[in-house]
Amino acid sequence: MKIPFVSFLPMEKELKEELKAAFERVLERSWYIDGAEDEAFEKAFAQYIGAKYCVGVGNGLDALVMALKALGIGRNDEVIVPANTFIASVLAISYAGATPVLVDPELETFNINPDKIEAAITSRTKAIMPVHLYGQACRMDRITELAKKHNLKIIEDCAQAHGATYKGKTAGTFGDAAGYSFYPGKNLGALGDAGAVVTDDEELANKIRALKNYGSDYKYHHIYKGNNSRLDELQAAFLSAKLPILDKMNAERRRIAQRYLDGIKNPAVVLPYVCADCVPVWHVFAVRSERRDELESFLNSLGIGTNKHYPIPVHLQECYKDLGYKEGDFPAAEEISRTELSLPMYYGMADEEIDFVIDSINRF
């Protein structure tokens, strides 16, 4: 049996007519940037998240960069970020002109360890960037408590957590702003690159709206040295077509994850831990194994697609040698990088495919 790591085909088949209609609406209007589709999606997504404002941008990296810049974070500032995130989280801090300060994650949840954050705070620290990794929210009560105590901003990286909740509150509504990616593989994905920032701060939203459009508040009038990072009308239309079934797709991911959690019974495989206060959306189903590479080869030989998130932690990447970290500085991040393996997880995965993955792992 051939099982891909991810497939968009079931979702695209279900929404084929809606996606066609979205394309035709944009083509008929002949308006491709900052138009009615962008406005409609921003309003709908803000409402879905539970935020007052949403600003569409070109991609998830730009969403984080512009949130940081709009909050006045830049040169000589430090931003705390987990050591085991995708590099985009850290690059955003660098692109804003600030310095990333890494903190080890919790081995069980893969998310930043709130108990290690305070030790990393200095007089230069201006913000914390919690990353809701793999679709499970961080322990935001402790993080918001620390931010308040030290007068720090919070920029949530929600690139993998569309619709995830912590203690009944949606990821992306705990901090000053949150960045989302709509890369095609995300739980809510465009048919190309796209992103957004959500916030409850009107002034911040207006600043980001200007920053994404060459720093312009109206045509040919530039108040900031901005960027060109706009959510185009076509991607906004596609996202609007998908948003109504996001909860349904997330529920299906939770069903698949529960099948894995209930069915995988191999002592060589450590299953992901679900925080009691969290409702994850399972962007990734990540297991750990001391025999990770053997397990990956075994599953691949049976036609089961896998992925490794992320085999080289940020502090050991060549491009971040200048931060001065060395091997052994973040033992949890390094263990995750060495042992993590992601299993197939996508909307429309058939029961027989789920069974085959479970049975194959149990035979390993």
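Which residues of H9 are buried?

View 1. The model is predicted: local features require pLDDT of at least 70 and side-chain atom pairs pLDDT 80 or more, whereas totals for chains, interfaces and linings use all residues. Residues are numbered from 1 along each chain as its sequence is written, and side-chain values use heavy atoms, with hydrogens and water left out. Helix H9 (residues 246-263) has 18 residues and reaches 26 Å from its first C-alpha to its last, close to the 26 Å expected at 1.5 Å a residue; the expected span is 1.5 Å times one less than the number of residues. Helices (H or I, at least four residues) and strands (E, at least two) are DSSP runs, numbered from the N terminus. The buried residues of H9 are Leu 246, Met 249, Asn 250, Glu 252, Arg 253, Ile 256, Ala 257, Tyr 260 and Leu 261. Buried denotes under 20% relative accessible area, exposed over 50% and partly exposed in between (1.4 Å probe, protein chains only). These buried residues pack against several elements, including helix H3 (36-49), strand E14 (340-343) and helix H12 (351-363).

View 2. In H12, the residues Glu 353, Ile 354, Val 357, Ile 358, Ser 360 and Ile 361 are buried. Seen down the helix axis, they fall within an arc of 165° and so line one face of H12; the arc is that of the directions from the axis to the C-beta atoms. The face turned away from this buried side carries the exposed residues Glu 352 and Arg 363. The cover over the buried residues of H12 includes H9, helix H10 (292-301) and E14.

View 3. Gln 136 lies in the loop between strand E4 (125-128) and helix H6 (140-150) and is buried, with a relative accessible area of 7%. Beyond its neighbours within four places in sequence, Gln 136 is in contact (heavy atoms within 4.5 Å) with residues including Thr 109, Asn 111 and Cys 275. The side chain of Gln 136 reaches the backbone nitrogen of Cys 275 at 2.7 Å. Gln 136 and Val 281 are 145 residues apart in sequence, yet 6.6 Å apart in space, C-alpha to C-alpha.

**View 4. The open sheet.** Seven strands, with mixed pairing, form an open sheet in the order E1-E9-E8-E5-E4-E2-E3; two strands pair if DSSP finds at least two bridges between them. The edge strands, E1 (53-57) and E3 (99-103), each pair on one side only.

Conventions
Polar contact = N/O pair within 3.5 Å; in protein donor to acceptor, adjacent residues only side chain to side chain.
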